[in-house]
Amino acid sequence: MGASAGGAGTGLAGRRVLLCVTGGIAAYKAVELARRLGDAGAQVQVAMTEAATRFVGAQTFQAVTHRAVRTSLWDASAEAAMGHLELARWAQQVVVAPATADAIAKLAHGFADDLVATLCLATEAPIAIAPAMNHRMWRHPATQANVATLRSRGVQVIGPEDGPLAEGESGPGRLSEPEDIVAALAASAGGGAGHA
Ligand SMILES: Cc1cc2nc3c(=O)[nH]c(=O)nc-3n(C[C@H](O)[C@H](O)[C@H](O)COP(=O)(O)O)c2cc1C
């Protein structure tokens with residue numbers, strides 16, 4: 001993406017980015033995304049769904065971002081350090097990557113039954129989603145309607161890409177490459193992406 005060292009001159013330099021990782025096979029790629037956001041100069045805070053923690057460990061994100069990772073609404077010590085509403089206010093940009101079909105549905109319908117959904121509902125920061133799922137899940141009218149709902153609210157939708165999928169099939173549903181997600185976020189920084 002051509003970010004300069006330390007992020008000087010990029011739209012993400014100094015920006016407080018809340019990276020919400022949801023439970024898809026591409027969750028491991030969010031580690032590289034977190035690293036690249038940091039390289040672009042962003043302050044990166046990771047929040048994970050319970051399902052995401054089954055694909056990649058919170059400690060891995062913590063090592064890359066040097067910040068304690070949030071994985072639950074019900075973590076009393078994390079809430080004491082920075083409550084979820086405070087974290088939602090802290091964010092200047094939210095990016096959900098990978099965004100599962102489930103997470104997209106929750107955002108579209110205003111659910112607040114887990115940490116990531118609650119943060120997305122509570123924030124006033126622009127939200128971007130990078131969907132990743134099986135191509136049939138992506139093409140399903142329910143998913144397409146949910147994505148259209150989010151777009152209509154100004155949510156930035158990055159990808160998905162067309163190509164080979166984890167389960168051996170091919171089609172639209174691949175998570176965009178981390179450098180492309182960073183580039184899309186940098187391009188829109190300061191722009192008008194809207195709420196989920
Ligand atoms: C091995 C495996 C891989 C999965 N990959 C995906 C995926 O890439 N995208 C997706 O939308 N759901 C995927 N799922 C289903 C989600 O994990 C499931 O819908 C889960 O409830 C999502 O929770 P979350 O949205 O709270 O993270 C996968 C499930 C399993 C068991």
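Two residues are in contact if their C-beta atoms, placed from the backbone, lie within 7 Å. The structure is a predicted model, in which local features need pLDDT of at least 70 and side-chain atom pairs count only at pLDDT 80 or more, while totals for chains, interfaces and linings use all residues. Residues are numbered from 1 along each chain as its sequence is written.

**Exercise 1. The core and alanine 130**

Task: find which residues have the most contacts inside the largest nonpolar core, and then list what alanine 130 is in contact with, leaving aside its neighbours within four places in sequence.

Solution. Begin with the terms: a residue is buried if 20 or more other C-beta atoms lie within 10 Å of its own, exposed if 12 or fewer, and partly exposed in between, with C-beta atoms placed from the backbone. A nonpolar core is then a set of buried Ala, Val, Leu, Ile, Met, Phe, Trp, Tyr and Cys residues joined through C-beta atoms within 7 Å. The largest such core has 58 residues, and those with the most contacts inside it are Leu19, Cys20, Leu37, Val95, Val96, Ala97 and Ala130. Helix α9, residues 178–188, gives the most to this core, with six residues; helices (H or I, at least four residues) and strands (E, at least two) are DSSP runs, numbered from the N terminus. In soluble globular proteins, nonpolar side chains tend to be buried together.

Turning to alanine 130, and leaving aside neighbours within four places in sequence, its contacts are Val95, Val96, Ala97, Pro98, Ala99, Ile158, Gly159, Leu175, Ser176 and Ile181.

**Exercise 2. How α1 packs on α2 and α9**

Task: describe the packing of α1 with α2 and of α1 with α9, in each case giving the angle, the handedness and the contact residues.

Solution. Axes are lines fitted to C-alpha atoms, for helices over the stretch in contact, and angles run from 0 to 180 degrees between N-to-C directions. Angles under 35 degrees count as roughly parallel, over 145 as roughly antiparallel, 65 to 115 as roughly perpendicular and the rest as oblique. A crossing is left-handed if the near helix is turned anticlockwise from the far one by less than a right angle, and right-handed if clockwise.

Helix α1 (residues 29–39) and α2 pack at an angle of about 15° with their axes 9 Å apart, and α1 and α2 are therefore roughly parallel to each other. The crossing of α1 and α2 is right-handed. Val31, Ala34, Arg35 and Gly38 of α1 meet Thr60, Phe61, Val64 and Thr65 of α2 in this contact. By class, the contact of α1 with α2 has four nonpolar, three polar and one charged residues, where Ala, Val, Leu, Ile, Met, Phe, Trp, Tyr, Cys and Pro count as nonpolar, Asp, Glu, Lys and Arg as charged, and the others, Gly among them, as polar.

The axes of α1 and α9 come within 9 Å and cross at roughly 45°, which makes α1 oblique to α9. The crossing of α1 and α9 is right-handed. Here the contact is made by Lys29, Glu32, Leu33, Arg36 and Leu37 of α1 with Pro178, Glu179, Ile181 and Val182 of α9. The residues of the contact of α1 with α9 divide into five nonpolar, no polar and four charged.

**Exercise 3. Histidine 66 and glutamate 179**

Task: decide whether histidine 66 counts as buried, partly exposed or exposed, and do likewise for glutamate 179.

Solution. Histidine 66 is placed in the loop between α2 (58–65) and α3 (76–81), and has a positive phi of about 60° although it is not a glycine. Histidine 66 counts as exposed because it has 9 C-beta neighbours inside 10 Å. Glutamate 179, found in helix α9, counts as partly exposed because it has 16 C-beta neighbours inside 10 Å. The C-alpha atoms of glutamate 179 and leucine 37 are separated by 8.8 Å, although these residues are 142 residues apart along the chain.
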